[in-house]
Amino acid sequence: MTKIHSHTLPIGADIVDAFCLMQKGFTDQFVYYDKQRACRYMGLGRCIALPTLDEAESELEGPVEQPPVYFSFNRFDAENPAPADELFEAFPRLKFMLPEIVLIENERGTLLQVNSLGPVYPGRIERFARQALAAPPRRRESVPYRLEPDSREAWRDVVGAGLAAIEAGRVDKVVLSRRQRLVATRPFSSKDLLVNLIDGPARGTVLLYRYADVFFCGCTPELLVRKRGAELESMCLAGTCPAGGSEDERARLAAELMADPKNRAEHDYVVRFIREVFRRTCHGVDVPAEPGILPLTHVQHLCTPARARLLEGVDLWSMMEDLHPTPAVAGTPVGEAKMLLREVEAYNRGFFAGACGYVDGAGDGEFSVALRTGVFDGEIGWVYAGCGIVEGSVADDEYDEIGMKLMTILSAFSGEDEADAAETLADSLSDRRVDEGAGR
């Protein structure tokens, strides 16, 4: 049994500013930062990594009883025999990672947690608290970049293979993805992208996992599972349309999305899957019959919330494994869709569309699906997004939909305000379409 000493105290600091100052001294970095609510955890360093939390017990120290916070970043298809790209391959395969320091903003307030395998040395606590309180205000900076176009023809072939599998009855839906190589014109850091995602227009939960010189980050709209005591929440997210350029256009597009049979069918696969998983392991299951609309900066989604109460003996990790991957990121039936993806996608997704989140020493926490993400080394990287393919899907339409979704991770490179950033991204996408047309 591993004993964790965890000292937590209230601190009147901005945790993002503190993280930006303190991160220089740590190669391991972890972030789970919900932009809509006070569920914000930012970790630095690695105290220990564990295969299961059953092997740990916690000794809580300090004025606030906050259980130690472990981070967990999991691959979309961990058993896929195909190698991931060289950036994803650089990450170790670990389950639960406990940082040395965790900056926290939650229902208890703004906190500093220091973790150790022995009693926490008071001098460390004082030093870290002093650094956090002295942090200057963060600044956003733009990072110029270019995207290497991927082949629209190759995409049409992949979608054709997916549609053939649907016609043959092998799957009802498959979620295909695109990736593009990004090359920056100057070196950039994980901090640069993190600040732009947190302070920029992207909506959702900001994720970051840095290991040595490589880092994975993004801003995802999709909650996979949240646990507080016996209370459990999830989200059925599938079906997409553009955000629109005005409130009237946004409302019109949302109404069309709600009435579209293809998108409603795609969404219903996810609703049925999550409802069935909840009914196996929970009671008091509440999944509404009709979806609502989740508006984001660049797109809108059909969204149905799911709530339930866990049966005794069921933990957050097992619920995460039961739910992931959902039909929203793999397809349905899930197992057959994953096998099809291994056959038709030219790359291993790594953490993209994986389950990433945190769990504390009391067993509470949450995981989100790592959408709108990319992996980088400070000079180059890969950006990822996907879309659901069902009967009637049109390859070129889906290609363009992914282009809209990629705008979220690309906004991490913009230090401009929302209007200027949207114009810059639109110009970038227009330039890419010209390049693609010239290359056909």
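Colleague: Which residues of helix 1 are buried?

Modeller: In this predicted model, the buried residues of helix 1 are Ile15, Val16, Asp17, Ala18, Phe19, Cys20 and Met22.

Colleague: Why is helix 1 called largely enclosed?

Modeller: Seven of the eight residues in helix 1 (residues 15–22) are buried, so the helix is largely enclosed by the rest of the structure.

Colleague: What makes Asp14 a cap for helix 1?

Modeller: A side-chain oxygen of Asp14 lies 2.9 Å from the backbone nitrogen of Val16, at the N-terminal end of helix 1.

Colleague: Now for Gln66. Where is Gln66 placed, and why does Gln66 count as buried?

Modeller: Gln66 sits in the loop between strand 5 (56–61) and strand 6 (69–73). Buried means under 20% relative accessible area, and Gln66 has 2%, so Gln66 counts as buried.

Colleague: How do you know that the side chain of Gln66 makes a polar contact, and with which residue?

Modeller: The partner is the side chain of Arg108, at 3.0 Å. That value falls within the 3.5 Å cut-off for a polar contact. Leaving aside neighbours within four places in sequence, Gln66 is also in contact with residues including Ser6, Leu60, Asn106, Gln113 and Asp360.

Colleague: What makes strand 8 mostly covered?

Modeller: Five of the six residues in strand 8 (residues 101–106) are buried.

Colleague: How do you know that strand 8 pairs with strand 3 and with strand 9?

Modeller: Pairing takes at least two bridges. Strand 3 (residues 40–44) and strand 8 have five, in the antiparallel sense, and Leu44 has Ile101 as its bridge partner. Strand 8 and strand 9 (residues 109–116) have six, also antiparallel. Here Val102 is bridged to Gln113, and a hairpin of two residues joins strand 8 to strand 9.

Colleague: Let's turn to the cavities. How many are there of 30 Å³ or more, and how much space lies in the largest?

Modeller: The count is five, and the largest cavity holds about 240 Å³. Of the 26 residues lining the largest cavity, Ala328, Arg372, Gly386, Cys387 and Lys405 are the closest to its centre. Among the elements that give two or more residues to this lining are strand 11 (173–184), helix 7 (261–281) and helix 10 (395–410).

Colleague: What makes up that lining by class?

Modeller: The lining of the largest cavity has eleven nonpolar, seven polar and eight charged residues.

Conventions: Residues numbered from 1 in each chain as written. Predicted model: local features only at pLDDT ≥ 70, side-chain atom pairs only at ≥ 80, totals over all residues. Heavy atoms only, no water. Helix = DSSP H or I, 4+ residues; strand = E, 2+ residues; numbered from the N terminus. Buried < 20%, exposed > 50% of the residue type's maximum accessible area, 1.4 Å probe, protein only. Polar contact = N/O pair within 3.5 Å; in protein donor to acceptor, adjacent residues only side chain to side chain. Contact = heavy atoms within 4.5 Å. 1 Å grid on protein atoms, 1.4 Å probe; cavity = no way out; pocket = protein on both sides within 12 Å on 5 of 7 lines; lining within 4 Å. Points joined across faces, edges and corners; volume = space filled by probe spheres on them. Nonpolar A, V, L, I, M, F, W, Y, C, P; charged D, E, K, R; others polar.
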